[in-house]
Amino acid sequence: MVKTRSAPDIWIIAATLAILAIGIVMVYSASAVAAFHDYGDKFYYVKRQLVFAAMGIAAMFVTMNVDYARLKKWTLPALIACFALLVVVLVPGIGVVRGGARSWLGIGSFGIQPSEFMKLAMILFLAHFLSERQDRMHSFARGLMPPLGILSAAFALIMLQPDLGTGAVMIGASLLVIFAAGARLAHLGGLALLGVAGFVALIAAAPYRLQRITAFLDPWQDPLGAGYQSIQSLYAIGPGGLVGLGLGMSRQKYNYLPEPQTDFIFSILAEELGFIGGSLLLLLFLLLIWRGMRCAITIADPFGSFLAAGIVGIFGVQVLMNVGVVIGLLPVTGITLPLVSYGGSSLTLLLTALGILLNLSRYSR
């Protein structure tokens, strides 16, 4: 491991705090109407978001300053614990159903989402596992199959909830780690073909997914049903124009657009802040991803390099999926926008992961 340690990447810190600040403002703007209607307090969601943000920043500070090499001994216990949580959440009476998925553990409005923890735990495990087996990665049976078997088991448990969006983010980030570890493109290409076949099978197994695909191709075919979310999202983005209607001036948040503070918060941002505001946010994400990939490329330690690539992969895949859904390029999957959307488990875990990335940036050249 490279022992030379410098200051954490200031650009990652700046981008993270800027995105987080935009997210807090937009959570309030997008949720105030629904919060007042449902709870009699327009600050209900943003107050909770601030608590989760504070917890996440504290965790980020810790993971930024503790030697990342210490994480190696916790990778397997963390993975086993997350597998156990994914099993427990499927038990009726224990797992809480929200949005049609049994993916939460908790009491009342307070809960955790085990699949969010699994995303980070899987990246940690794969980074450690593959860093010690790089010489085997040219072999499909000895190099590629073991991590893919573990990854497939986690994905299967997540799909039993079901939560295709989170599962897809985990798969995408994990495959980036596997590619960085030296897997052959021919093997990954074959797996991609199998993945397409599996995706088709998943759609065929659940009628609601087929409805989402149909709505994606032509949302106006069922404007009050399967196509409703896509249409309302576009109705938000369109009037935003270049500079937007103004902060707090969204019309779609008045019970037209479902989940305006979570899955479709980018729609509200585009409506209120326009093309310029949306582009600024995406540029901040690009800055974060660029600096993170630079860290992954320049750090000498294989474990650190793979870990950085996986963390960046989580952000990159999740941003692509959320924005793709919002602007109509992807079917609705129910995935949040990192650091921006309302959500406790996701926000805290992502800030924790960014703390690890900042730690890794201390050792990059």
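How many cavities of 30 Å³ or more does the structure hold? The structure holds three. A cavity is a set of points on a 1 Å grid over the protein atoms alone where a 1.4 Å probe fits but cannot get out. Grid points are joined across faces, edges and corners, and a volume is the space filled by probe spheres set on the points.

1. Basis of the note. This is a predicted model, in which local features need pLDDT of at least 70 and side-chain atom pairs count only at pLDDT 80 or more, while totals for chains, interfaces and linings use all residues. Residues are numbered from 1 along each chain as its sequence is written, and side-chain values use heavy atoms, with hydrogens and water left out.

2. The largest cavity. This cavity contains about 60 Å³ of space. Its lining residues (those with an atom within 4 Å of a point) include Glu 116, Lys 119, Leu 120, Ile 311 and Leu 349. Helices α4, α11 (302–326) and α12 each supply at least two residues of the lining; helices here are DSSP runs of H or I with at least four residues, numbered from the N terminus. By class, the lining has seven nonpolar, no polar and two charged residues. In this scheme Ala, Val, Leu, Ile, Met, Phe, Trp, Tyr, Cys and Pro count as nonpolar, Asp, Glu, Lys and Arg as charged, and the others, Gly among them, as polar.

3. A charged pair in the cavity lining. Lys 119 and Glu 116, both among the residues that line the largest cavity, meet in a salt bridge at 2.9 Å, N to O. A salt bridge is a side-chain nitrogen of Lys or Arg within 4 Å of a carboxyl oxygen of Asp or Glu. The two residues lie in helix α4, three residues apart, about one turn of the helix. Lys 119 counts as buried because its relative accessibility is 3%, and Glu 116 is buried at 5%. Buried means under 20% relative accessible area, exposed over 50%, and partly exposed in between (1.4 Å probe, protein chains only).

4. Other salt bridges. The whole structure has five salt bridges. In one of them, Lys 253 pairs with Glu 272, the closest N and O atoms being 3.4 Å apart. This pair links distant parts of the chain, with Lys 253 in the loop between α9 and α10 and Glu 272 in helix α10, 19 residues apart. Lys 253 is buried at 5% relative accessibility, and Glu 272 is buried at 0%. Asp 41 and Lys 47 also form a salt bridge, at 2.7 Å, N to O; here Asp 41 is partly exposed at 22%, and Lys 47 is partly exposed at 45%.

5. The second largest pocket. A pocket is an open set of points with protein on both sides within 12 Å along at least five of seven lines. Of its 13 lining residues, Phe 117, Leu 120, Leu 124, Leu 349 and Thr 352 lie nearest its centre. The largest share of the lining, four residues, comes from α4. Ten lining residues are nonpolar, three are polar and none is charged.

6. An exposed leucine. Leu 242 is found in the loop between α9 (228–240) and α10 (265–298). At 55% relative accessibility, Leu 242 counts as exposed.
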